[in-house]
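Let's walk through this structure together. Have the chain in view and follow along.

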Amino acid sequence: MKAPAGIIVVTVVLAVLSIGALGDTKVPAKVLFGKVKGPALAARSIGSYAKGCLAGAVALPVDGPAWQAMRLSRNRNWGTPQLVAFMEKFAADAKKKDGWPGLLVGDMSQPRGGPMLTGHASHQIGLDADIWLTPMPDRTLTAQEREDISAVTMVDKEKRRVDPKVWTDSRALLIRRAALEPGVARIFVNPAIKKALCREAGADRGWLTKVRPTWGHNYHFHIRLACPAGEAGCSDQDPPPGGDGCGADLAAWFTPEMLFPKPGKPRPPLTMAQLPTECHRVLEAP
Ligand SMILES: [Zn+2]
């Protein structure tokens with residue numbers, strides 16, 4: 001049976017339009033996810049930390065009893081319900097048990113996760129959060145201050161050690177508390193910070209396993225939660241190698257090439273075609 005020509009034309013036009021809307025392989029996924037203002041569908045982390053998206057995100061309230069979210073214009077205070085609950089509990093515990101005045105919360109995820117227009121390869125599935133190493137002041141910051149205030153780097157110019165004028169035990173305690181929380185898969189810090197933690201930890205070293213050195217992370221540290229239990233579409237990272245990570249793997253970060261890497265060729269941005277197919281649904285949902 002032959003379909004009337006009109007129907008064929010309409011079908012082809014619709015197909016082309018729908019590919020244009022969601023599957024356009026040329027448009028970087030960060031452009032599409034960066035535009036979405038709110039969450040959609042039921043809560044799930046889809047894909048992996050640096051290649052995925054987030055359904056059913058919850059916003060961390062911008063003010064809490066022991067935290068304030070920063071850079072509100074970025075609209076990145078979103079996460080899985082588990083991450084938001086974690087942040088609230090962690091902020092309260094750090095204040096009550098360690099005397100940390102409160103968290104200044106940096107980037108979490110976008111309302112539907114996915115790649116971001118600026119910064120971060122990860123933070124895509126609602127399980128990553130950056131926390132400033134600057135304590136919260138004893139007053140509510142204005143929205144403008146939350147845009148303008150700079151975090152303070154903990155690392156000196158040579159990048160080989162923390163700056164003793166700014167680094168304190170209280171920061172080590174904060175990172176330790178995060179590493180000890182169940183559900184935390186990894187913490188990322190600058191190698192100079194990891195070195196300070198290794199030196200200061202004493203006999204209590206088990207928590208250092210999860211604290212991993214990486215570039216940057218001298219103004220803030222990065223908490224990564226494991227995938228929520230039972231979510232088949234969420235890919236965990238392999239667990240970190242055992243031990244305190246204070247030996248050869250840390251030393252390898254302090255070569256000139258690692259401390260001051262030559263800028264490489266930028267990687268082409270992720271396209272929708274490279275993300276899990278379900279992320280198309282998340283992006284397109286009303
Ligand atoms: Zn980070």
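Just past helix H6, Gly 202 adopts a positive phi of about 65 degrees. Helices here are DSSP runs of H or I with at least four residues, strands are E runs of at least two, and both are numbered from the N terminus. Keep in mind that this is a predicted model, where local features need pLDDT of at least 70, side-chain atom pairs count only at pLDDT 80 or more, and totals for chains, interfaces and linings use all residues. Residues are numbered from 1 along each chain as its sequence is written, and side-chain values use heavy atoms, with hydrogens and water left out.

Now back up into H6 itself, residues 191-200. Seven of its 10 residues are buried, so the helix is largely enclosed by the rest of the structure; buried means under 20% relative accessible area, with a 1.4 Å probe and protein chains only. Among them are Pro 191, Ile 193 and Leu 197. The buried residues of H6 pack against helices H5 (169-180) and H7 (248-251), plus strands E9 (184-189) and E10 (211-213).

Next stop, the metal. Which protein donors does the zinc ion have? They are Asp 130 (OD), His 217 (NE2) and His 222 (ND1), at 2.2 to 2.7 Å. Donors are N, O and S atoms within 2.8 Å of the metal (3.2 Å for Na, K and Ca), and water is not among the atoms, so sites may look incomplete. Along the chain, the spacing reads D-x86-H-x4-H. Asp 130 sits in strand E8 (residues 128-132) and His 222 in strand E11 (residues 220-225), 92 residues apart. Asp 130 counts as buried because its relative accessibility is 4%.

How values were computed
Buried < 20%, exposed > 50% of the residue type's maximum accessible area, 1.4 Å probe, protein only. Contact = heavy atoms within 4.5 Å.
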